[in-house]
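Have a look at the sequence and the model, then read on.

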Amino acid sequence: MNDVPVIADLAAMSAWSEAARGQGERIALVPTMGALHAGHLSLLAEGRRRAHRVVLSIFVNPMQFGPQEDLAKYPRDLPGDLTRAASMGCDVAFVPEAASMYGPSFQTAIDVREVSRGLCGECRPGHFVGVATVVCKLFNIVRPHVALFGEKDFQQLAVIRRMGADLNLPVEIVGLPTVREPDGLAMSSRNAYLSPADRQRAGALLAGLSAAKALAEKGERRASVLLDAATTEIARRVDRIDYLEVRASDDLKPLQIIDRPAVMLVAAFVGGTRLIDNLRLG
Ligand code: AMP
């Protein structure tokens with residue numbers, strides 16, 4: 001099987017999409033930063049089911065990284081990504097250069113105000129402005145009918161859904177469940193940073209979330225009790241918890257009592273690696 005063809009040029013990408021649309025084809029877009037794993041591939045597979053054409057974008061977006069973050073060392077594997085994407089029936093990889101996405105005069109930013117605050121938005125100032133802006137740009141360049149995102153990045157998905165609704169973007173946003181390693185660790189390109197010992201300790205995140213979920217399923221409705229249960233599991237094995245919170249699953253409002261669909265979200269450092277995960281509490 002041939003690798004997926006690459007388009008780097010923005011105008012060429014738009015022309016490709018125009019041609020497909022002209023033939024009445026539906027286009028699915030899966031935006032990623034590359035280093036594809038089974039989580040990304042599940043999005044491509046669902047795109048395949050929902051559209052005639054599947055576009056994978058690979059762009060390590062400088063605008064969503066803080067000055068102290070891992071932009072320079074973020075894992076990159078374009079040849080491997082193109083082979084993996086081909087195996088999922090992906091039609092084209094859009095791999096733009098940062099300089100063509102952000103020209104010297106670039107000055108526009110999209111701030112999805114409330115949903116971006118707190119959680120990762122607090123620990124990573126400016127992160128979701130970078131995410132929302134680049135996703136909006138990708139939508140305008142690729143003009144997909146449907147775009148697929150993972151619930152692994154739960155707040156990101158909520159930000160993109162809000163942006164899509166607020167700005168009347170003509171794109172259906174689809175969220176898909178987190179794909180996990182056999183031991184339950186949420187798949188992430190950043191897992192490659194973990195030493196074998198840290199990889200073991202990383203299991204604490206899902207262990208904590210699962211302990212809380214089990215209590216919620218027994219009828220516990222107090223967020224503080226659920227958080228205590230999760231903290232006990234997580235704090236003794238990770239180096240630092242960035243946040244651990246219970247939020248409403250739709251608008252991410254903080255909840256004291258679980259009286260509507262809720263999700264527990266965590267970010268924690270294991271060694272030098274920051275990991276995130278979340279679990280719906282039912
Ligand atoms: P990234 O390359 O990390 O920016 O992720 C690109 C897309 O893949 C985002 O929509 C993520 O939410 C999604 N994704 C990342 N990890 C997973 C996973 N373990 N399961 C499902 N989707 C994922």
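How many aromatic pairs does a search of the whole structure find?

1. Three aromatic pairs turn up. Rings of Phe, Tyr and Trp (its six-membered ring) pair if their centres lie within 6.5 Å; planes under 30 degrees apart are stacked, over 60 edge-to-face, and the rest tilted. Keep in mind that this is a predicted model: local features need pLDDT of at least 70, side-chain atom pairs count only at pLDDT 80 or more, and totals for chains, interfaces and linings use all residues. Residues are numbered from 1 along each chain as its sequence is written, and side-chain values use heavy atoms, with hydrogens and water left out.

2. Take Phe59 and Tyr102: their ring centres are 6.3 Å apart and the planes sit at 35°, so this pair is tilted. It ties together parts that are 43 residues apart in sequence.

3. Tyr102 also pairs with Phe106, this time edge-to-face, at 4.9 Å centre to centre and 85° between the planes. Phe59, Tyr102 and Phe106 form one aromatic cluster.

4. Buried or partly exposed? Tyr102 is buried at 16% relative accessible area, and Phe59 is buried too, whereas Phe106 is partly exposed at 30%. (Buried is under 20% relative accessible area, exposed over 50%, partly exposed in between, with a 1.4 Å probe and protein chains only.)

5. The charged end of Lys137 sits over the ring of Tyr102, 5.7 Å from its centre, and that of Lys73 over the ring of Tyr193, at 4.3 Å. (That takes NZ of Lys or CZ of Arg within 6 Å of the ring centre and within 35 degrees of the ring normal.)

Notes. Helices (H or I, at least four residues) and strands (E, at least two) are DSSP runs, numbered from the N terminus.
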